[in-house]
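User: Hi! I'd like to learn how to read a protein structure. Can we go through it feature by feature?

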Amino acid sequence: MTAAASSNAKIFSSSARKTFHHALTHLLKTEFPGIFGPAVTELFASQVEQLFQKFHPPRERVGWGQLVWLAVATDDLPGYGKRIEDTRLVPVILDLVAREDIDGLLDGRTWNDLRQARITRLCQQAHAQGGLLSQVDLGLLLTQSNSAISQVMRSQSRSSPEMPLLPSRGSLHDLGQTVSHKRSICYKRLVEKKTTSQIANETFHSPQAVEQYVQDLRRVQLCRDQGLTISDTSQVTGLSTRLIEEYVQLIAEFGLPNLNETSTSQKTEFTNGTKRQGTKKK
């Protein structure tokens with residue numbers, strides 16, 4: 001090291017330490033004396049600094065029409081009484097306005113079409129970054145009421161059972177009045193006859209969750225075909241009446257055959273086949 005460099009180091013080294021990291025370590029040492037040792041203080045300050053940088057990305061990372069939003073982490077499931085303060089959040093960068101929106105308007109698409117496309121884009125972008133948007137999030141982003149967002153999402157999901165599932169917090173975390181995930185999963189399994197693993201990949205659900213939804217619908221269907229009321233079905237299955245009503249609607253919509261008639265038909269065919277085999281032996 002030259003004499004000039006050594007002299008500059010003495011003069012300017014303190015300026016290099018005027019950082020957020022060192023301000024945070026000073027805060028911890030002065031406001032919480034004796035709680036953290038030097039090593040833990042440095043580690044804690046580094047973790048907080050990383051979190052700050054994650055939640056405040058550099059401006060060059062946020063382009064035209066984009067914004068930073070805090071979404072609930074996909075793998076942080078809700079629980080009874082669990083508050084948002086106890087939930088892990090992840091910052092996501094969303095295209096609030098995209099060139100495709102303008103191109104769509106130039107091509108004559110309506111504002112309702114644009115709103116539906118934006119909801120789909122925002123949900124998919126957040127999910128790709130490990131987060132989920134709720135209907136409240138979407139309402140704030142698009143300046144729409146919660147009921148208006150809900151209506152758009154439900155009408156979109158009901159337009160066709162083959163429509164891909166929209167990865168929102170309501171559909172993947174099973175919150176609110178969302179029924180699209182149940183509808184999509186059961187349709188793919190019972191009507192399209194897809195495998196559990198296929199459906200899990202297409203709907204962002206675990207194989208266990210896929211089987212649970214299908215089995216719940218089958219239990220409700222069996223009770224209904226036995227002539228049980230909604231109240232009786234609730235007592236037998238342990239499911240809420242609201243959920244049972246949703247499944248009953250899906251059963252009617254899918255045109256699923258009566259399980260009792262199917263079982264009787266299969267039993268008759270089996271019995272007849274056994275009798276025919278017995279006749280042949282004679």
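This is a predicted model: local features need pLDDT of at least 70, side-chain atom pairs count only at pLDDT 80 or more; totals for chains, interfaces and linings use all residues.

User: Okay, is C123 buried or exposed?

Analyst: C123 has a relative accessible area of 0%, so it is buried. C223 is buried too, at 8%.

User: How many disulfides does the structure hold?

Analyst: The general idea: a disulfide is a covalent bond between the sulfur atoms of two cysteines. In this structure there are zero.

User: Now helices. Which residues of helix α10 are buried?

Analyst: First, the general idea: an α-helix has 3.6 residues a turn, so residues three or four places apart point the same way. In α10, which covers residues 196-203, the buried ones are T196, I199, A200 and T203. Looking down the helix axis, they fall within an arc of 105°, so they line one face of α10. Just after the helix, F204 has a positive phi of about 65°.

User: And how many salt bridges are there in the whole structure?

Analyst: Look for a side-chain nitrogen of Lys or Arg within 4 Å of a carboxyl oxygen of Asp or Glu. A search finds 14 of them. One of these pairs D75 with R88, with the closest N and O atoms 2.3 Å apart. Both residues sit in the loop between β1 and β2, so the bridge ties together parts 13 residues apart in sequence. D75 is exposed at 58%, while R88 is partly exposed at 41%.

Conventions:
Residues are numbered from 1 along each chain as its sequence is written. Side-chain values use heavy atoms; hydrogens and water are left out. Buried means under 20% relative accessible area, exposed over 50%, partly exposed in between (1.4 Å probe, protein chains only). Helices (H or I, at least four residues) and strands (E, at least two) are DSSP runs, numbered from the N terminus. The arc is that of the directions from the helix axis to the C-beta atoms. A disulfide is a pair of cysteine sulfur atoms within 2.5 Å.
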